[in-house]
Amino acid sequence: MNAEIWLPMAFAGLMALSLLMYVVLDGYDLGVGILLPFAKDDDKDTMVSSIGPFWDANETWLVLGVGLLLVAFPKAHGIILQALYLPVTVMLIGLILRGVAFDFRVKAGVRYKGLWNRVFAAGSLIASMAQGVMLGRYLTAFEPGWQAWAFALLVGVGLSAAYVLLGACWLIMKSEGTLQRQAIGWARYGVFGTALCVAAVSLVTPLVSERIAAKWFEMPEFFLLLPLPLLTLALFVLLLLMLPRLDQRLGQGDQHLCWLPFSMAVGIFLLSFYGLSYSVFPDVIIDKLDIWEAAAHPQALWVIFIGAVVVLPAIVAYTVFVYRVFWGKTRELTYS
Amino acid sequence: MELDALILARIQFAANITFHILFPSITIALAWILLFFKIRYTKTGDTAWLDAYGFWVKVFGLSFALGVVSGVTMSFQFGTNWPGFMNTVGNIAGPLLAYEVLTAFFLEATFLAIMLFGRRFVSERTHNIATFLVALGTTASAFWILTLNSWMQTPAGYEMVEGQIVITDWLAALFNPSLPYRLTHMLMASGLTAAFLVAGLSAYRWLRGDRSSGVMKALRTGVLSAAALIPLQIFVGDLHGLNTFEHQPAKIAAMEGVWETQRGVPLLLFALPNEAERRNDYEIRIPRGASLILTHSLDGEIKGLNEFEGMYPPVAKVFWSFRIMVGVGLIMLAVSWVAAWQLVRRKMLSPWVAKALVGMTFSGWIATVAGWYVTEIGRQPWLVHGVLATKDAVGDVPAAMVAVSLTMYLGVYVVMLFAYISVLFYMARKAGSNGPASMGEPGKGVAR
């Protein structure tokens with residue numbers, strides 16, 4: 001196949017992978033941030049400790065995802081980011097606030113700790129909402145009008161709920177005692193919110209574009225794709241059913257399956273993300289610009305592609321290494 | 001000056017990058033200083049080195065976090081405000097930015113976890129390697145971004161095809177004429193910024209009566225590195241100026257306030273460049289000084305701004321930024337040499353020198369930012385010298401919207417900067433009152 005055909009496809013794949021890594025990884029730490037005000041003061045340090053070693057690297061996936069959009073699809077990058085100007089700015093402010101509150105909450109004086117805790121939670125919520133709004137605006141191809149904006153806001157709430165689900169499941173896996181039991185309750189709220197988000201997006205995207213509707217509802221694609229929504233639905237139901245049982249088991253001191261909710265939540269993200277990518281591909285702006293029209297010069301793509309192929313496996317390897325170092329239940333973080 | 005979308009977008013970019021550069025300019029060099037502390041501890045077993053590490057790694061963690069969040073903002077700005085940049089020079093900027101993320105950002109962000117919190121979980125050796133990899137990552141990041149910036153100043157190895165640049169010679173593009181000077185100048189600027197920060201906060205602790213061995217070791221490290229680096233930096237800065245003289249003469253003309261081409265140009269110590277009348281008011285000059293520095297001849301010719309009609313940068317801003325940078329550099333020389341002399345010869349510091357060091361804690365920031373203003377404002381009206389004008393790269397986001405985002409950024413930056421500086425001094429006070437021993441024992445340090 002011609003490089004001008006497959007290179008943009010490869011980059012679309014890499015970009016999707018980075019964004020998926022981002023929503024899952026930063027998703028759980030944003031979720032933990034949103035949940036912070038609902039925890040007891042003693043548990044707040046544990047919550048922050050559970051994400052402390054990871055958030056920097058998690059956020060780097062966003063830089064990579066946006067970076068790939070910038071370098072591989074420069075035309076789309078300019079159009080998308082200018083159209084999303086306000087939500088992007090709000091998201092960045094949110095990310096700045098939470099990123100620094102991480103450090104300030106323990107390094108500033110004790111009397112400011114409550115303040116920085118609130119900044120941390122607010123920043124996390126602002127960033128999550130803004131990302132959902134960005135997704136919503138993107139899916140309606142930046143259509144003006146209050147309906148499109150209302151939909152974007154709905155996706156904002158839904159994505160925040162989805163992050164809460166991930167964050168709560170992360171805490172079920174990484175904590176013990178009252179915090180862990182409390183997280184089970186949070187996760188149940190998260191399931192409902194996430195389901196709302198997934199349903200809204202699934203209903204609206206086919207309405208926005210005939211091309212997307214055709215991709216899903218024509219025969220035989222409809223039957224071939226049917227497992228995707230069914231599997232997602234099954235995961236939601238299973239997760240909802242298992243949370244109370246897990247609560248019982250944890251009450252008896254049985255930690256064996258504490259990783260299961262997080263895996264299932266990640267499964268829901270994977271399936272939803274796959275569905276979205278299927279809808280949008282091969283466009284980079286729905287019905288307006290496809291990946292080949294938006295692609296950078298093949299020369300630049302080659303140079304980056306070689307680097308990515310060589311370096312990405314190393315990144316994955318050392319990321320796994322660091323997760324293994326901090327494996328298991330969260331211990332208090334110290335610098336010594 | 002009318003506040004249109006272009007000028008607002010420029011102010012916003014300048015504000016973002018000014019805020020951002022503060023933190024990498026600390027972390028690039030502080031990472032190597034921390035590696036030095038750590039290696040000294042491993043070699044000697046002296047826990048004072050570990051105390052020094054324990055305090056400064058916290059400063060590093062905080063500075064790094066601010067660098068990350070302000071850096072994420074930068075990566076979005078290209079698209080939100082300057083789409084013309086990538087559309088024109090994406091074939092060089094894209095690969096360089098991508099390689100920065102792939103080879104540097106992930107490396108530093110991931111191993112930072114082990115460097116900050118991992119000492120209890122991994123061997124001393126693995127921890128040292130993680131510290132080394134973070135230092136390597138910060139420096140690699142500086143290499144890629146300075147390669148891109150240097151290419152924007154002195155583009156090479158390319159041709160224009162249908163309004164886009166295409167790289168014809170990658171080695172020439174990467175190692176473009178100004179890269180060696182700019183990279184060395186910036187790495188040394190980072191070294192000086194970190195050295196004066198370490199010396200300044202240590203002197204602050206020393207003045208408050210905290211004279212533990214760990215504080216003294218950090219103080220000596222800061223002062224001696226500063227004293228060693230500053231003459232080298234002045235030398236490299238001079239070479240960098242000569243390189244600019246060759247490739248961007250309009251920038252030099254603005255830096256020296258030379259309106260008309262002439263021989264035997266004086267060095268201006270003070271002047272108020274008068275753009276309207278095309279002359280300088282209130283000059284204080286050293287005859288033939290500028291010619292001597294730039295051409296190594298008393299009546300060497302320097303091209304004046306008259307040769308670049310309509311294509312030269314705002315003179316007063318460049319002229320004064322340059323003088324501020326050089327001025328701070330000279331004060332750095334004086335303070336660090338006096339302090340070094342006292343520490344080496346008398347093994348003691350006099351209080352007024354310690355106070356001077358405290359006053360110089362953030363002097364590296366001033367010099368670095370002023371230096372960047374010289375080179376970036378000095379490149380105007382170009383975004384990429386001779387290739388792309390700044391006004392042609394700006395997007396079409398309305399002015400009101402840029403005004404809103406700019407206001408939000410400025411508000412957040414002011415608060416963050418205030419909080420950062422206060423927290424550093426608070427940490428220095430607290431470290432003294434806790435007693436130095438608490439750093440070395442597990443479980444007693446302060447969690448993030």
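Two strands count as paired if DSSP finds at least two bridges between them. Helices (H or I, at least four residues) and strands (E, at least two) are DSSP runs, numbered from the N terminus. Now take strand β4 (residues 267-274) of chain B. Six bridges join β4(B) to strand β5 (residues 279-286) of chain B, and the two run antiparallel. One pairing is B:L272, whose bridge partner in β5(B) is B:D281. Together β4(B) and β5(B) make a hairpin, with four residues between them. In the turn, B:R278 has a positive phi of about 55°.

Before going on, some ground rules. This is a predicted model, in which local features need pLDDT of at least 70 and side-chain atom pairs count only at pLDDT 80 or more, while totals for chains, interfaces and linings use all residues. Residues are numbered from 1 along each chain as its sequence is written, chains are lettered from A and ligands numbered from 1 in the order in which they are written, and side-chain values use heavy atoms, with hydrogens and water left out.

Chain B has another hairpin to look at. Strand β1 (residues 158-161) of chain B runs antiparallel to strand β2 (residues 164-167) of chain B, and four bridges join them. B:E159 stands opposite B:V166 in β2(B). This hairpin has two residues between the strands. Here B:E162 takes a positive phi near 50°.

Stay in chain B and find helix α9 (residues 249-256). How many of its eight residues are buried? Seven are, so the helix is mostly covered. Buried means under 20% relative accessible area, exposed means over 50%, and partly exposed lies in between (1.4 Å probe, protein chains only). The buried residues of α9(B) are B:A250, B:K251, B:I252, B:A253, B:A254, B:M255 and B:E256. The cover includes α5 (124-153), α8 (213-247), β4, α10 (289-295), α11 (315-346) and α13 (363-377) of chain B. Just after α9(B), B:G257 takes a positive phi of about 65°.

Now move to chain A and its own helices. Helix α8 (residues 177-208) of chain A and helix α9 (residues 210-217) of chain A have axes that come within 5 Å and cross at roughly 120°. That makes α8(A) oblique to α9(A). Angles under 35 degrees count as roughly parallel, over 145 as roughly antiparallel, 65 to 115 as roughly perpendicular, and the rest as oblique. The axes are lines fitted to C-alpha atoms, for helices over the stretch in contact, and angles run from 0 to 180 degrees between N-to-C directions. Contact means heavy atoms within 4.5 Å. On the α8(A) side are A:T205, A:P206 and A:V208, which meet A:E210, A:I212, A:A213 and A:F217 in α9(A). By class, this contact has five nonpolar, one polar and one charged residues. Ala, Val, Leu, Ile, Met, Phe, Trp, Tyr, Cys and Pro count as nonpolar, Asp, Glu, Lys and Arg as charged, and the others, Gly among them, as polar.

Next, A:H77 in helix α4 (residues 74-83) of chain A. Is A:H77 buried or exposed? A:H77 is buried, with a relative accessible area of 2%. Leaving out residues up to four places away in sequence, A:H77 touches A:V66, A:L69, A:L70, B:S75, B:F78 and B:G79.

Finally, some backbone details. Most residues other than glycine have a negative phi, and most peptide bonds are trans. A:A141 has a positive phi near 55°. It sits in the loop between α6 (113-139) and α7 (146-174) of chain A. A:A141 is buried, at a relative accessible area of 12%. B:H296 also has a positive phi, of about 55°. B:H296 lies in the loop between α10 and β6 (301-302) of chain B. B:H296 is exposed, at 56% relative accessible area.

Which peptide bonds are cis here? One runs from A:F281 to A:P282, with omega near 0°. A:P282 is in the loop between α12 (260-280) and β1 (283-285) of chain A. Another joins B:Q380 and B:P381, with omega about 5°. B:P381 lies in the loop between α13 and β7 (382-384) of chain B.
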